[in-house]
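Open the structure in your viewer and keep the selection tool at hand. Each stop below says what to pick and what is there.

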Amino acid sequence: MDWYIALLFLLSMVLFFMFIGVPVALAFLAANMIGATYFMGGSGDIFMRMTRGIGQLSANALPTVTTFNLMPVPMFLLMGEIFFFTGLATRMFTAVDKLMGRIPARLSFVTVAGGTAFATLSGSSMGSTALLGSLMVPEMQKRGYKKHMAIGPILGTGGLAMLVPPSALAVLLATLANLDVGKLLIAGVVPGLMLACFYAILILIMALIDPEAAPGYEVDSISWLERGKLLIFDVFPMVSIVIGVILLILNGWSTPSESAAFGCVGVLLLAAIYGKLTWESFVKSVTGALKVTVMALLIIFGSATFSALLAFSGASAGLIGWATSFELAPIVMLLVMFGILLILGMFMDQLSMMLLTVPIFFPLAQTLGFDLIWFGVIVLLALEISFTTPPFGLLLFVMKGVSAPDTSMRDIYVSAIPFMGCAILLVGLLIIWPEIATWLPSFAR
Amino acid sequence: MRWVDRLCDGLAIFAGVYLVVIMLAIVFQATARSFGFSGSSHIFTFTEYGLLYIVMAGSPWLVRLKGHVFIEMFTAALPRRLAPKFSRLVSLLCVIICAVLVWYTLQATLKSYRFGDADMRSIDMPKWLLLGSMPICFLLMGIQFTRFVFGHDTLHTGEAGVHEG
């Protein structure tokens, strides 16, 4: 079979099953069963071929799922859920709100500052968006904020969760692409913080152009002593856990998996110290982390053979040979890959996008001589943008769920666009100065 | 269905407990190492295999909660009268996929039992103990999907988007 027919055959099977609504994990499993039977089943009747092919599939899935590299995924998720369900998130957010004082478009800035901290700690874009939406939207409406000033910052900061460590998605990407998990996590720090700054600048510009979009209002002033107390007791302890996790990885004191487990225990201790750790909140946290872990790892399990099939059928090598035969500039190839990710993001979840594209894009990026950690950050940014790309970006629907009833999907789409622009600007800067992503990981031991 | 639901709930509780134990085990291992003790290399093996058991034990429970992510495009575009029927067909397809997986992963398990295959890490784990979790998981998943074929509820909501439980 020619490589392009093999590629079309494999990709179209997965896409077909997904399109008709089969759960993603089963879509991959079904496509891989057929593909493995055809490409790996050897000779004999169909049952013999299925026995060999599907046997190979289960054998491939074992080492893929049972790897210590994946351990930060459940640990980061658990850390975020504990942070969320014990009420530590709300406590920190309220503190940021009080600390912000009286500035134009105050609530939008509160969203970006508090949201960045929360998205970072929780590692969950959806959880972050849901919390920010339910906390901030009613308050912003009460203060007469226009919809785009309320919705846009929430969508933007929600997406930061996947870029700034601890990010479960970054761990998955690193594992799938055979990258150093710790380095990819660390590489997201500077771009993530830059993006948060871009959001703040954007809000300032929007508030200056149209002051009516975010009317000013009187806030209770608090003393410097109170500010200090809020910082020490309600902000610093939470943020120090994230910084601690990053430092543990950066200094090589522990593996990303161990750092993540320490992060979990840290948040648990913190919740206990604040008297917020109850059996109910603990069970809810474990249940929440379990749901996403099982969902994500079953997809990884299902897709374990996919990259092997692409390689075995000659599709990967054929595509790379074909793509490089045009002798296009590497930057053009990068933009093509980026564009494909954005298009896929309109219809697909992040994990499916990764599983479909990583086996093709990363070997191609290596052939083109890209720094793979830098490329990983670009892919994460594309995934982040795709979270808010119409019509099916996941965060758009989460936002719709927590917005006022008169908010249309169009309102949400329009609000998301300037913040997507910030992320695209960051991609541009990363292309010009790759050091933005590669500088910090260069210190990792 | 009730006993299947209870079994799935029990397996999910097992998965949740395993997750917490993994967290504690990793912290214990890393702390022991930083104090100069070597700890136990079996802890790594225990946590690594744990990921497989957690996925296999939690998946059937997650089917019932509609927690396995799926995309609604086609089902959302169908006329309201047709959509539930098509959704049941898709669920039936899921049952068939699970049934095929049950059969062939069972074959793989039995084969590795007969040949005495082992997964060699810090301990030589009999492979059938790992592979054996797969037919059980897919059997229970298949049974859970049948509720969306024959029951009142359907897997798909009719609302376009990516659904994540």
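Select Asp234(A) and Arg91(A). The two form a salt bridge, with their closest N and O atoms 2.9 Å apart. Keep in mind that this is a predicted model. Over all chains, a search of the whole structure finds nine salt bridges.

**Two helices of chain A**

Next, select residues 3–19 of chain A, helix H1, and residues 350–367 of chain A, helix H18. How do they run relative to each other? Their axes come within 12 Å and cross at roughly 175°. An angle over 145 degrees counts as roughly antiparallel, and H1(A) and H18(A) are therefore roughly antiparallel to each other.

Show the side chains where they touch. H1(A) brings Leu7(A), Leu11(A), Val14(A), Leu15(A) and Met18(A). H18(A) answers with Ser352(A), Leu356(A) and Ile360(A). By class, that contact has seven nonpolar residues, one polar and no charged ones.

**Where chain B meets chain A**

Zoom out and colour by chain. Here 60 residues of chain B are in contact with 57 residues of chain A. Between them the chains bury about 5,200 Å², 83% of it on carbon and sulfur atoms. Pick Leu51(B), Ile71(B) and Tyr104(B). These supply 13% of the area that chain B buries against chain A, more than any other three residues.

How many salt bridges are counted between chain B and chain A? The count is one. To see it, select Glu258(A) and Arg33(B), whose closest N and O atoms are 2.8 Å apart.

**The chain B side**

Now hide chain A and look at the side of chain B that touches it. Several elements give two or more residues to that side, among them helix H1 (2–34), helix H2 (42–64), helix H4 (83–115) and helix H6 (133–150) of chain B. Strands S1 (70–72) and S4 (161–163) of chain B are also included. Which element gives the largest share? Select H2(B): 13 residues come from there.

Finish by colouring this side by residue class. It divides into 43 nonpolar, 11 polar and six charged residues.

Terms used
Residues numbered from 1 in each chain as written. Chains lettered and ligands numbered in written order. Predicted model: local features only at pLDDT ≥ 70, side-chain atom pairs only at ≥ 80, totals over all residues. Heavy atoms only, no water. Axes fitted to C-alpha atoms, helices over the stretch in contact; angles between N-to-C directions. Helix = DSSP H or I, 4+ residues; strand = E, 2+ residues; numbered from the N terminus. Parallel < 35°, antiparallel > 145°, perpendicular 65-115°, else oblique. Contact = heavy atoms within 4.5 Å. Nonpolar A, V, L, I, M, F, W, Y, C, P; charged D, E, K, R; others polar. Buried area = accessible area lost by both parts, 1.4 Å probe. Salt bridge = Lys/Arg side-chain N within 4 Å of Asp/Glu carboxyl O.
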